[in-house]
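Thanks for coming. I have one structure to go through today, so please look at it on the screen while I talk.

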Amino acid sequence: MDDKIDFRVALIAGGAAGTSADIILYPLDTIKTRLQSQNGFIGSGGFRGIYSGLFSAALGSAPTAALFFCTYESTKYVTKTVIGPTWEPVAHMSGATVGEIAACLLRVPVEVVKQRAQATSGISSLSSLRKTIATDGLSGLYRGFFVTVSREIPFSLIQFPLWEIFKKSWSNKQQQPIKAWQSSLCGAVAGGIAAALTTPLDVAKTRIILAQSGSIVASGNIMVALKEVYLQKGFTGLWAGVAPRVMWISIGGAVFLGVYEKVCIEATKYYS
């Protein structure tokens, strides 16, 4: 694909990618959330109600991913224009950082509603939303905003530069642009690496979102959340859910970035 992607293309491709990945991989996300919750996997419902909260995730995935990719592609292009191709990874990191901050404005409320539904078997997305507002007010929908940003930025700083590097290396090796399935494989490897390295931040985010209102952990301090996990479950507790998280994000990276690449290619043909 061309370095400069049409805004409409990024919007459509991002929305399609986000919806596809979130719906297909939702059960794995639920398992990961329940493993990380204070009540543990069985206490949070085990395998019951594995699709609890799906509605909120499906509703929020398209606009969140679309906003991310529109911001990512625009920032990446502007940065590359300013600093030149030599510092291309910096452009990828800049795009990922700005994109994640923008996307979290939509992602966090969706995550709060979704994860509370996931951690309480049998509760719907709407019930989760009503309970959150009744307990914490509208500000409760942004519980964990800063810890989510603190998790997503390091994740994207690892995933997207790796994805771009893998794609470029593969393209150079075969001396032609890569296909969507190749981008998908690059996304899977990049996502899996990023997922594994940022698991403790994901554990902290989950604990903060699920914490009782008024508790110390609910204040949103990452170090407080990590300390509580360590005291309760030791070092291994910081890596709770790492296996389903890596599996989920590796498959998710393949679906998410593969669909994005494919739709970008097709949409670019349509708009050109």
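First, the ground rules. This is a predicted model, where local features need pLDDT of at least 70 and side-chain atom pairs count only at pLDDT 80 or more, while totals for chains, interfaces and linings use all residues. Residues are numbered from 1 along each chain as its sequence is written, and side-chain values use heavy atoms, with hydrogens and water left out.

Helix packing. Helices here are DSSP runs of H or I with at least four residues, numbered from the N terminus. Helix H5, residues 88-118, packs against helix H9, residues 199-210, at an angle of about 80°, and the axes are 10 Å apart. The axes are lines fitted to C-alpha atoms over the stretch in contact, and angles run from 0 to 180 degrees between N-to-C directions. That makes H5 roughly perpendicular to H9, a label for angles of 65 to 115 degrees; under 35 is roughly parallel, over 145 roughly antiparallel, and the rest oblique.

Which residues make the contact, meaning heavy atoms within 4.5 Å? From H5 they are Glu111, Val112, Gln115 and Arg116, and from H9 they are Lys205, Thr206, Ile209 and Leu210. By class, the contact of H5 with H9 has three nonpolar, two polar and three charged residues.

Salt bridges next. The criterion is a side-chain nitrogen of Lys or Arg within 4 Å of a carboxyl oxygen of Asp or Glu. The count comes to 17 salt bridges. Here are three of them.

Aspartate 6 and arginine 8 form a salt bridge at 3.0 Å, N to O. For exposure, buried means under 20% relative accessible area, exposed over 50%, and partly exposed in between, with a 1.4 Å probe and protein chains only. Aspartate 6 is partly exposed at 30%, and arginine 8 is partly exposed at 40%.

Arginine 245 and aspartate 202 form a salt bridge with their closest N and O atoms 3.6 Å apart. This pair links distant parts of the chain, with arginine 245 in helix H11, residues 242-271, and aspartate 202 in helix H9, 43 residues apart. Are these two buried or exposed? Both arginine 245 and aspartate 202 are buried.

Lysine 269 and glutamate 266 form a salt bridge at 3.8 Å between the closest N and O atoms. Both lie in helix H11, three residues apart, about one turn of the helix. Lysine 269 is exposed at 55% relative accessibility, and glutamate 266 is partly exposed at 37%. Salt bridges that share partners also join Glu73, Lys76, Glu164, Lys167 and Glu261 into one network.

One backbone angle. Glutamine 175 has a positive phi, near 60°, and is not a glycine. Most residues other than glycine have a negative phi. Glutamine 175 sits in the loop between helix H7, 145-174, and helix H8, 180-197, and is exposed at 73% relative accessibility.

Last, the aromatics. Rings of Phe, Tyr and Trp, the six-membered ring for Trp, pair if their centres lie within 6.5 Å; planes under 30 degrees apart count as stacked, over 60 as edge-to-face, and the rest as tilted. There are 16 aromatic pairs. One of them, phenylalanine 69 with tyrosine 260, is stacked, at 3.7 Å centre to centre and 15° between the planes. Phenylalanine 69 is in helix H4, residues 54-83, and tyrosine 260 is in helix H11, 191 residues apart. Both phenylalanine 69 and tyrosine 260 are buried. Phe68, Phe69, Tyr72, Phe160, Trp163, Phe256 and Tyr260 form one aromatic cluster.

Technical notes
Helices (H or I, at least four residues) and strands (E, at least two) are DSSP runs, numbered from the N terminus. Contact means heavy atoms within 4.5 Å. Ala, Val, Leu, Ile, Met, Phe, Trp, Tyr, Cys and Pro count as nonpolar, Asp, Glu, Lys and Arg as charged, and the others, Gly among them, as polar.
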